Amino acid sequence: MNEKKDNGMSRRGFLDLSIKSTIATTAVISGFPTIVPASVFGKNAPSNRITIGAIGTGRISRGHDMPGVWKYDNAQIIAVCDVDSNRAKLAKNLVVDTYSKKNGKPYDGVNVYTDYRELLNNKDIDAVLVSTPDHWHAPIVISSVRAGKDVYMQKPASLTISEGRAMADAVKQTKRIVQVGSQQRSSWQFRYAAELVRNGRIGELKTVYVGLPGDPGGEVEPQMSIPSNLNYDMWLGTTPEVYYTEKRVHPQVGFDRPGWLRCEQFGAGMITGWGSHHIDCAHWAMNMEHSGPVEVWGRADFPKSGLWDVHGIFRTEAMYANGVKMVVTNEIANGIRFEGTEGWIFVSRGDASVTSSDPIAKQQAAKAIDASNPKILESVIGPNEIHLTESKDHHGNWLESIISRKDPIAPAEIGHRSCSACLLHHAAMKLKRRLYWDPKNEKFLNDPEANTLLSRPQRAAYAVR
């Protein structure tokens with residue numbers, strides 16, 4: 001592991017010793033210590049904090065991931081990295097301004113990188129935030145854990161199922177702490193809904209309906225000159241070479257929703273974009289976090305022209321080995337509806353959103369949790385019933401896990417399984433027929449054509465190895 005040494009002791013070793021007595025006496029929430037207050041570390045002892053590098057500094061990093069970390073006094077962002085040098089510089093300014101205001105004095109302790117590999121070589125960095133486009137998630141996480149870094153990664157876990165498996169295996173082999181950004185697990189209503197379902201409050205679970213937002217297509221976009229501040233070849237990464245146009249990448253001015261989210265070359269669209277959140281929480285309630293469906297089928301409309309080519313209106317269905325059916329579509333309300341033999345529960349984010357440009361921010365807010373009978377939502381989970389891990393803050397839970405070395409609430413293996421299920425629905429959209437899946441071996445049964453969708457050709461310079 002590449003860890004900064006202090007008098008022969010790693011930073012994490014120092015942390016373990018310096019907070020051992022505090023953890024022992026701190027109130028514990030479902031096996032995790034609360035975030036250690038600044039008084040334990042000392043405001044003038046930044047070398048004792050968890051040092052973090054931010055890789056990818058666009059919309060989600062600036063609005064969600066970096067703020068999720070810098071609010072804690074036991075963590076400090078000391079490096080930023082982006083293939084767009086303008087964005088990297090703006091990220092440094094943002095971090096510097098934030099810490100200067102927070103501490104009431106000038107601060108300039110942030111290194112700037114345009115190549116994540118150079119950031120990972122910095123032994124002063126303990127952990128990284130990976131807030132890149134989807135196609136870069138798994139490759140960077142694999143490199144990061146092999147470099148000895150703990151990771152908070154944006155969802156979805158991977159571009160393909162084979163990449164996701166490689167990522168989850170690398171995390172297991174290196175024993176690093178990796179939190180997937182499925183932050184709905186840290187929202188009380190999703191945990192409570194899952195506990196109600198797992199404890200039989202709606203009887204036997206029969207069907208789960210997952211409602212997702214939609215994404216419109218777009219026009220054909222002209223080829224443009226690559227901005228001098230953008231390493232476009234590295235931005236493309238493992239994916240094929242295609243001409244540059246601004247709407248394929250991200251805005252050169254501002255941080256509005258980037259166009260790559262609607263290009264299949266870099267992701268699968270809303271089926272993974274929001275599906276990773278909702279299917280993850282559905283699996284939580286179904287007790288299927290380490291598995292997946294055994295059959296999947298459905299339909300989808302895809303744009304016939306234009307730059308943006310992810311799926312439009314769709315409806316896909318899946319069967320699980322426990323007999324539960326899942327329906328995923330953007331033709332119903334955004335959220336998850338669990339239907340059982342004795343009632344139903346609906347859960348969503350309500351009026352909460354991660355960024356102002358989230359699709360949900362433009363929709364009428366639904367109730368965060370609802371049920372067929374109000375008494376269901378008055379139910380108390382008894383001491384001898386199933387209690388799921390509680391986290392009140394997703395980034396905070398990650399920092400707690402770095403200290404305790406216990407699994408976070410959304411570990412890599414579970415994030416991979418959630419993403420895999422989404423990609424299975426995407427495969428059904430593409431092949432337009434019923435597919436049979438072996439969740440143990442992660443292969444389609446007797447279907448060579450479907451198995452070609454488990455991976456994609458990769459450019460050699462950026463291939464996942």
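Student: Where is Ala321 found, and is Ala321 buried or exposed?

Tutor: The model is a predicted one. Ala321 is in the loop that links strand E13 (314–319) to strand E14 (325–329). Exposed means over 50% relative accessible area. Ala321 has 67% relative accessibility, so Ala321 counts as exposed.

Student: Which loop holds Lys304, and what is its relative accessible area?

Tutor: Lys304 belongs to the loop between E12 and E13. Its relative accessible area is 83%, and Lys304 is therefore exposed. Lys304 and Gly217 are 87 residues apart along the chain, and their C-alpha atoms are separated by 9.1 Å.

Student: In which loop is Asn287 found, and what is its phi?

Tutor: Asn287 is in the loop between H11 and strand E12 (295–300). Its phi is positive, near 60 degrees, in a residue other than glycine.

Student: Which residues does the cis peptide bond join?

Tutor: The cis peptide bond joins Lys155 and Pro156, with omega about -5 degrees. Pro156 is in the loop between strand E9 (150–153) and H7.

Student: How does one describe the packing of two helices?

Tutor: Two packed helices are described by the angle between their axes and the distance between the axes. Helix H6 (residues 137–146) and helix H7 (residues 161–174) have axes 9 Å apart, at an angle of about 15 degrees. H6 and H7 are therefore roughly parallel to each other, and their crossing is left-handed. On the H6 side, the contact is made by Ala138, Pro139, Val141, Ile142, Val145 and Arg146; on the H7 side, by Glu163, Ala166, Met167, Ala170, Val171 and Thr174. The residues of this contact comprise 9 nonpolar, 1 polar and 2 charged.

Student: How many residues of H6 are buried, and against which elements do they pack?

Tutor: Of the 10 residues of H6, 8 are buried, so H6 is largely enclosed by the rest of the structure. The buried residues are His137, Ala138, Pro139, Ile140, Val141, Ile142, Ser144 and Val145. They pack against strand E5 (50–55), helix H5 (116–120), strand E8 (127–130), E9, H7 and E10.

Student: At what angle do H11 and H13 cross?

Tutor: The axes of helix H11 (residues 275–286) and H13 cross at roughly 115 degrees and come within 9 Å. H11 is therefore roughly perpendicular to H13, and the crossing is right-handed. H11 contributes Gly275, Ser276, Ile279, Asp280 and His283 to the contact, while H13 contributes Ile414, Arg417, Ser418, Cys419, Ala421, Cys422 and His425. By class, the contact residues are 5 nonpolar, 5 polar and 2 charged.

Student: How many residues does the largest nonpolar core have, and which helix gives the most to it?

Tutor: The largest nonpolar core has 122 residues, and Ile52, Phe338 and Trp398 have the most contacts inside it. Helix H13 (residues 412–431) gives the most to this core, with 10 residues. Leaving aside residues up to four places away in sequence, Trp398 touches Ile52, Val69, Ala127, Val128, Leu129, Asp150, Val151, Tyr152, Ile177 and Gln179.

Student: What can be said of the protein chain as a whole, in terms of helices, strands and buried residues?

Tutor: The protein chain has 14 helices and 19 strands. Of its 465 residues, 60% count as buried. Among contacts between residues at least 6 apart in sequence, 73% join residues at least 24 apart.

Definitions and conventions
Residues are numbered from 1 along each chain as its sequence is written. This is a predicted model: local features need pLDDT of at least 70, side-chain atom pairs count only at pLDDT 80 or more; totals for chains, interfaces and linings use all residues. Side-chain values use heavy atoms; hydrogens and water are left out. A nonpolar core is a set of buried Ala, Val, Leu, Ile, Met, Phe, Trp, Tyr and Cys residues joined through side-chain atoms within 4.5 Å. Buried means under 20% relative accessible area, exposed over 50%, partly exposed in between (1.4 Å probe, protein chains only). Helices (H or I, at least four residues) and strands (E, at least two) are DSSP runs, numbered from the N terminus. Contact means heavy atoms within 4.5 Å. Axes are lines fitted to C-alpha atoms, for helices over the stretch in contact, and angles run from 0 to 180 degrees between N-to-C directions. Angles under 35 degrees count as roughly parallel, over 145 as roughly antiparallel, 65 to 115 as roughly perpendicular and the rest as oblique. A crossing is left-handed if the near helix is turned anticlockwise from the far one by less than a right angle, and right-handed if clockwise. Ala, Val, Leu, Ile, Met, Phe, Trp, Tyr, Cys and Pro count as nonpolar, Asp, Glu, Lys and Arg as charged, and the others, Gly among them, as polar.
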